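Look at the structure first, then read on.

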Amino acid sequence: MAKRPPPRTALVTGASSGIGAALAERLSHRGIEVWLAARRKEVLEQQVARITASGGRAHALALDIAQADATYEALSRLDEQTGGIDLVVANAAIAGGESAVGLADGSWRSVRDILHTNLIGSAATVMPFIPRMLARGHGHLVAISSLAADAPNPRAAAYGASKAGLTFFFDTADIELRPRGIDVTIIHPGFVRTPSLEGLPDLDTLPFVVPLDRAARIIDRAIQKRARLVRFPWTMSLLALLPQILPRFISHPLILRVTKAPTEKKR
């Protein structure tokens, strides 16, 4: 396999805070020109100013991936205007407290929005770049999925399904595209200390929460290695994979027990 050229340009969605912002900053420190995309342009501009002040090159792009067709069109134009985006990180998603609701307490609108944003919106993020990357003979697509894709969680049916679908989409893309010059990397983080995590009711009892800086470092290292799939932290990864090994009569009661909301556990 021919050695891939290092990326000159990158797009990171969901870059106004959390993993997206931290990763965009790390990429800029490696000399990559970065486009930070999210809905809150004023916040993006603050992130861009910080990167620029430290000597990096960055740009703000107002983008709502929930508007899938508009996202596809906007990113098609971006690739043309920039002469080609080499690295695309599909990070934007509905997560945190907004996504941690069981079906019995949730609503159709919430389920619809989570599935549409996290899966359809992410697909719309990368699809404009694939034909152009193929024509150039190189490129790199990165999906920030979740360990929630590995194990069923009654408090996050829609979120887990959206991330499992995202992983399937990118895993299949890797099989098809890597031999043709486009690398695909899938990231399965556990709990990362980001603003979205603050919305969870049981934040203080969450296991193995990873500091944001460490999470960004792990993801950046996976990008540099062009890894196929990276899970972290390893302790949480093992726990997430247990339901695939254990018989259902053991795994399902165990899952119900460990995923109960704090109010349920006190009853």
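Is the crossing of α4 and α6 right-handed or left-handed? The crossing is right-handed. A right-handed crossing has the near helix turned clockwise from the far one by less than a right angle, and a left-handed one anticlockwise.

## About the model

This is a predicted model, in which local features need pLDDT of at least 70, side-chain atom pairs count only at pLDDT 80 or more, and totals for chains, interfaces and linings use all residues. Residues are numbered from 1 along each chain as its sequence is written, and side-chain values use heavy atoms, with hydrogens and water left out.

## Helices α4 and α6

Helix α4 covers residues 108–126, and helix α6 covers residues 157–177. (Helices are DSSP runs of H or I, at least four residues; strands are runs of E, at least two; both are numbered from the N terminus.) Their axes come within 8 Å and cross at roughly 20 degrees. That makes α4 roughly parallel to α6. Angles under 35 degrees count as roughly parallel. Axes are lines fitted to C-alpha atoms, for helices over the stretch in contact, and angles run from 0 to 180 degrees between N-to-C directions.

On the α4 side, the residues that meet α6 include Val111, Ile114, Leu115 and Leu119. On the α6 side, they include Tyr159, Leu166, Phe169 and Phe170. The contact (heavy atoms within 4.5 Å) involves twelve nonpolar, four polar and one charged residue. Here Ala, Val, Leu, Ile, Met, Phe, Trp, Tyr, Cys and Pro count as nonpolar, Asp, Glu, Lys and Arg as charged, and the others, Gly among them, as polar.

## Helices α1 and α2

Helix α1 (residues 18–29) packs against helix α2 (residues 41–53) at an angle of about 25 degrees. Their axes are 10 Å apart. The two helices are therefore roughly parallel to each other. Their crossing is right-handed. From α1, the contact uses Ala21, Ala24, Glu25 and Ser28. From α2, it uses Gln47, Arg50 and Ile51. Three of these residues are nonpolar, two polar and two charged.

## Two loop residues

Glutamate 98 lies in the loop between β4 (87–90) and α4. Glutamate 98 is exposed (over 50% relative accessible area), at 57%. Beyond its neighbours within four places in sequence, glutamate 98 contacts Ser110 and Ile114.

Arginine 178 sits in the loop between α6 and β6 (182–189). Arginine 178 is buried (under 20%), at 16%. Its side chain reaches the backbone oxygen of arginine 226 at 3.1 Å.

Definitions and conventions: Parallel < 35°, antiparallel > 145°, perpendicular 65-115°, else oblique. Buried < 20%, exposed > 50% of the residue type's maximum accessible area, 1.4 Å probe, protein only. Polar contact = N/O pair within 3.5 Å; in protein donor to acceptor, adjacent residues only side chain to side chain.
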